[in-house]
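The entries follow in the order in which I made them.

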Amino acid sequence: MTDFSLLTRPAHELAELLRTGDVTSEELTLMHLSQIEALNPALNAFLVVDADGALATARDVDARLAAGEELGPLAGVPIAIKDNFCTRDLPTTCGSRMLEGWVPPYDATIITRLRDADLVILGKTNMDEFAMGSSTETSAFGLTRNPWDTDRIPGGSGGGSSAAVAGFLAPLAVGSDTGGSIRQPGAVTGTVGVKPTYGGVSRYGVVAMASSLDQPGPVARTVLDAALLHEVMAGHDPMDSTSINEPVPALAEAARSRDVSGMRVGVVKELGGEGYDEAVEARFLEAVELLKEAGAEVIEVSCPHFTYALSAYYLIHPAEVSSNLARFDAMRYGLRLGDDGSNGAEAVTAITRGEGFGREVKRRLIIGTHALSSGYHDQYYGSAQKVRTLVAQDFDAAFEQCDVLVSPTTPTPAFRIGERMDDPLAMYKADLCTIPSNLAGNASASFPVGVSAEGLPIGLQVMAPPMADDRLYRVGGWLESVMEQAWGGPLLQQMAPLAGTKAVHQ
């Protein structure tokens with residue numbers, strides 16, 4: 001029988017139990033595989049589970065620990081991987097028929113670092129097709145459900161990773177954040193989701209969607225777990241031309257400090273008000289008051305160009321999508337249809353793309369191609385890039401006054417499955433608060449701050465200057481300690497008895 005109480009323990013506690021010999025990595029891995037077997041049919045968080053590979057890694061870690069070898073701080077802990085990271089021994093589909101069954105010939109840099117740090121890779125998690133979506137409903141392999149309420153979305157595009165962590169199928173996960181795809185799922189599932197500084201974590205081997213916006217990051221149940229995983233993932237990579245060659249800040253140390261006294265915290269005026277759920281605003285304002293009580297200086301700041309960030313993003317992002325997805329031409333790898341001898345190369349490409357790409361991908365490809373077309377490049381794409389510069393300047397001005405900025409992570413808690421599928425603009429607005437940080441490239445994270453009247457998680461976003469990621473963890477660690485005192489333990493522990501039964505996911 002699965003020891004569910006052990007499944008709910010934070011990753012850093014599991015690692016300590018492994019070091020003391022109170023549990024083995026093989027036992028932990030088997031427990032999580034059992035949980036996946038029981039709950040994944042209802043949640044659809046995992047697309048591929050690598051039981052044999054995970055157990056082989058776990059047994060190797062156990063043997064080395066038994067021999068007295070010193071291993072990394074997360075050695076032997078299971079982890080889930082979003083399915084847009086190249087893995088040499090597992091399919092990488094990006095949630096699309098276009099790459100169904102494709103197994104890369106190499107590992108992404110992050111995967112290499114996870115293997116070197118002896119984490120146990122359980123498998124690959126579901127995602128919106130090519131990371132385009134805010135609900136994980138556009139995956140070609142079925143939608144993913146939120147463990148808190150399976151009639152609701154788990155966020156997107158990385159809903160598989162957030163659902164796996166929130167549903168106790170994995171203690172840790174890796175995601176990618178292009179416009180909020182780690183933070184927005186974090187907010188609606190009660191998990192910790194971090195978008196590192198752009199260039200702070202390597203993008204090599206992450207299937208590109210929008211290259212100037214994509215950024216891998218950690219998904220966890222506690223702030224310290226996210227910090228420890230972030231430290232494993234981060235650092236300069238010569239294979240990534242955008243990688244920053246600077247030391248990684250002391251993230252775990254910051255998470256443990258749990259002290260915000262003297263910090264200058266800016267409340268962004270433009271990220272709130274009309275259109276924001278009452279419970280979201282209430283939990284946010286309560287957290288701001290707690291910051292004041294803890295000795296932080298709270299300042300209201302104005303970032304006027306944040307108002308235009310969503311519009312700019314949905315020109316820049318589709319334009320880069322149009323460029324990056326041009327490689328899927330049915331000629332080199334991936335899906336190939338219509339090649340029966342009756343069609344030329346152009347027809348084969350058209351047939352394959354027509355069948356291989358889903359509706360949302362096609363929508364963004366059309367928008368992006370139009371924005372880059374002759375006569376419209378300057379009018380649309382060029383203007384959007386100017387707005388991007390203005391957004392970055394707003395951040396610079398705000399960070400002259402403040403150490404960090406705060407806002408709600410999302411305007412609403414998790415919405416119902418199907419509610420926004422026919423309303424793209426409403427779907428895009430789910431990323432209203434998260435997009436500015438992607439445009440500017442600064443660090444940002446979402447931390448749980450409570451629940452709505454319906455019992456749905458709500459997140460608070462913390463934003464920090466580039467390469468000041470440690471400030472996120474300093475605020476997050478303090479916030480977590482305060483919230484746990486109020487809740488009597490971690491937020492996700494409130495749903496633990498429910499998540500342990502299959503009935504809650506029916």
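For the element names I took helices (H or I, at least four residues) and strands (E, at least two) as DSSP runs, numbered from the N terminus. The model is predicted, so I kept in mind that local features need pLDDT of at least 70 and side-chain atom pairs count only at pLDDT 80 or more, while totals for chains, interfaces and linings use all residues. Residues are numbered from 1 along each chain as its sequence is written, and side-chain values use heavy atoms, with hydrogens and water left out.

Entry on cavities. I searched on a 1 Å grid over the protein atoms alone, where a cavity is a set of points at which a 1.4 Å probe fits but cannot get out, and lining residues have an atom within 4 Å of a point. Grid points are joined across faces, edges and corners, and a volume is the space filled by probe spheres set on the points. Strand 10 (443-451) and helix 17 (469-487) each supply at least two lining residues, and helix 17 gives the most, with six. I sorted this lining into 12 nonpolar, five polar and three charged residues, counting Ala, Val, Leu, Ile, Met, Phe, Trp, Tyr, Cys and Pro as nonpolar, Asp, Glu, Lys and Arg as charged, and the others, Gly among them, as polar.

Entry on the second largest cavity. I noted a volume of about 80 Å³, and among the 13 residues that line this cavity, G200, A234, V248, P249 and M467 are the closest to its centre.

Entry on salt bridges. I counted 23 in the structure, each being a side-chain nitrogen of Lys or Arg within 4 Å of a carboxyl oxygen of Asp or Glu. D240 pairs with R203, the closest N and O atoms being 3.9 Å apart, and this pair links distant parts of the chain, 37 residues apart. D240 is buried at 6% relative accessibility, and R203 is buried at 15%, where buried means under 20% relative accessible area, exposed over 50%, and partly exposed in between (1.4 Å probe, protein chains only). R363 and E360 also form a salt bridge, with closest N and O atoms 2.3 Å apart; they sit three residues apart in helix 13 (residues 359-372), and are therefore separated by about one helical turn. Finally, I recorded a network of salt bridges that links D60, R64, E69 and D118.

Definitions and conventions. On a 1 Å grid over the protein atoms alone, a cavity is a set of points where a 1.4 Å probe fits but cannot get out, and a pocket is an open set with protein on both sides within 12 Å along at least five of seven lines; lining residues have an atom within 4 Å of a point.
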